[in-house]
Amino acid sequence: MDTKIGSIDACKPTNGDVGSPPNGTVATIHDTFPATAISVGSSEATLGRHLARRLVQAGVTDVFSVPGDFNLTLLDHLIAEPELKNIGCCNELNAGYAADGYARSRGVGACVVTFTVGGLSVLNAIAGAYSENLPVICIVGGPNSNDFGTNRILHHTIGLPDFSQELRCFQTVTCYQAVVNNLEDAHEEIDKAISTALKESKPVYISISCNLAAIPHHTFARDPVPFSLAPRFSNKMGLDAAVDAALEFLNKAVKPIMVGGVKLRVAKASDAFLELADASGYPVAVMPSAKGLVPENHPHFIGTYWGAVSTPFCSEIVESADAYIFAGPIFNDYSSVGYSLLLKKEKAIVVHPDRVTVANGPTFGCVLMSEFLSELAKRVKRNETAYENYHRIFVPEGKPLKCKQIEPLRVNAMFQHIQKMISSETAVIAETGDSWFNCQKLKLPKGCGYEFQMQYGSIGWSVGATLGYAQATPEKRVLAFIGDGSFQVTAQDISTMIRNGQKTIIFLINNGGYTIEVEIHDGPYNVIKNWNYTGLVDAIHNGEGNCWTTKVRYEEELVEAIKTATTEKKDCLCFIEVIVHKDDTSKELLEWGSRVAAANGRPPNPQ
């Protein structure tokens, strides 16, 4: 067995996978520091420097922070680490969103905030990362260690001598919490927190007392021993039984299909999923939140399965199948379009990261998704019937009408031009709203990144996530699609993008309000104050850094703006405000919104 995965650089995921390494591998993450003793008392042997080295070992080279008096000394020691860069954000929420976006690309992210007033502000972003199985290390500068257990009331708190409020809030949205208020066990607590984040692929919380970060201690006198994450294996008898049951079920089927879900990422099973697709000949679809996890250039790829708002002809093939394999699905009210999917449990093999259920019958535990799919691929009978049916009924999608001269730009015409922009050197970030549906229809070339936050669906997420993703992946140009309502929540950190020389292209879609909410339930609360968005970004730019802005109202102007952004302004942050009619939405949003509204509006059951 290979017992290590090489240097830090070799440990950085290149495919968007997060968390622990591939199954069957012990991840020994080497550091780049010589394993020589450091004399106690030197600036290298402090708690802060130890934490910095540990972050670098885990794959974090940028931390997103907002300073506050409880974390200032800690930040001094973090930025003293030459391989760790501090990215100062405008607020804690965006710092958390940025760590989320960074983790999607790099495999792990980190943010640093101050006690309670900062911690409760970043909490929403950490909850979103938890819902998406992203290992984000949330570091908080905590109270002076001498204040614990006293009756003192501190600033930045709610005015009670109990300092546990922040910790209690984080306990429900992190998989481990470490409160470091002494030096004796600081080394152990930090290591356990970071390794748990990597193993569980979930956020963790680390609080560091503000008076400890700069103190040398003998436990930090040597460079830390590399992390070692034990491999996970399936129960062999359970795996064999699960594969046998699945084969018996699939071999009776006439037209089986397979659908990838978002938990392919946390299970590190994308490659195994493709193995099964190649071996079986089944049609391959993805659930909306799994877009980007399965190559869309696969010869049997048929699109996104999203019930009534699927890509053309995909739902018909999936829902008419007599057997379907769902690998890593999350069936919530959004992904099920208001619980309207026409699926039957008795026709489904549902593969979770660590268990398999066959035809609503037996469930096989301690079976890892990647191993199950790989073993199934070795023995499955090839059956292309369902794909042949798809090929038989498929009619190429119609092209939207070209906008007439001086006719206001339509969103469907806009995305025809966006399709031509994307390549293996780009990544797409889609904000909650109509961009979910418009970006879902983009055909991704091999290597093109794609991210959106479907489970948590926090509006404003994309600004911070774009910052973090672009910082983690400077070789890709990020294309972010953000609605005006969402942008108003988190606009400030355009400043941080400019400050760090990022070259993202942001398409701000200005349609005068919260359009996704309008299509679920309209009211005056969905209308927002219109801003001069390009004027705002120009003011933020303030002549420092590289930034270019423009407004477009017509198709000809959009074409010209894209040309400029991709040629003479290719090294700039480009902000293109696209002004469209308030009722210009995708047909999918109209359908989805009405079904979600129906689900939300169900009357109470009789008591």
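**Entry 1: ground rules.** I am looking at a predicted model, where local features need pLDDT of at least 70 and side-chain atom pairs count only at pLDDT 80 or more, while totals for chains, interfaces and linings use all residues. Residues are numbered from 1 along each chain as its sequence is written, and side-chain values use heavy atoms, leaving out hydrogens and water.

**Entry 2: the sheet.** I looked up the strand order and found an open sheet of 6 strands, β17-β16-β18-β19-β21-β20, with parallel pairing. At its edges stand β17 (449-451) and β20, each with a single partner strand, so one side of each has no neighbour in the sheet. On average, neighbouring strands here are turned by 15° against each other, direction ignored. My reminder on terms: strands (E, at least two residues) and helices (H or I, at least four) are DSSP runs, numbered from the N terminus. Two strands pair if DSSP finds at least two bridges between them. Strands of a sheet pair through backbone hydrogen bonds, either parallel or antiparallel.

**Entry 3: who partners β21?** I checked β20 (residues 547-552) and found 6 bridges joining it to β21 (residues 573-579), in parallel. In this pair, cysteine 547 stands opposite leucine 573. Between the two strands the chain passes through helix α20 (residues 555-566), and this β-α-β crossover is right-handed (with the strands pointing away from the viewer, the path from the first strand over the helix to the second runs clockwise). Strand β19 (residues 505-510) also pairs with β21 in the parallel sense, over 6 bridges. There I found isoleucine 506 opposite phenylalanine 575 of β21.

**Entry 4: a helix on the sheet.** I followed helix α19 (residues 533-541), which lies across β19, β20 and β21 and runs at about 170° to β20. Such angles run from 0 to 180 degrees between N-to-C directions, with axes fitted to C-alpha atoms, for helices over the stretch in contact (heavy atoms within 4.5 Å).

**Entry 5: helix α2.** Is this helix buried or exposed? I counted 12 of its 12 residues as buried (under 20% relative accessible area, with a 1.4 Å probe and protein chains only), including Arg49, His50 and Arg53. Helix α2 (residues 47-58) reaches 17 Å from first C-alpha to last, close to the 16 Å expected. Glycine 59 follows, with a positive phi near 115°.

**Entry 6: the record.** UniProt, in an unreviewed entry, lists "domain: Thiamine pyrophosphate enzyme TPP-binding" at residues 453-577. I found that stretch to be 42% helix and 19% strand.

Key:
Expected span 1.5 Å × (residues − 1). Buried < 20%, exposed > 50% of the residue type's maximum accessible area, 1.4 Å probe, protein only. UniProt positions renumbered as here; feature names shortened; annotations may be inferred.
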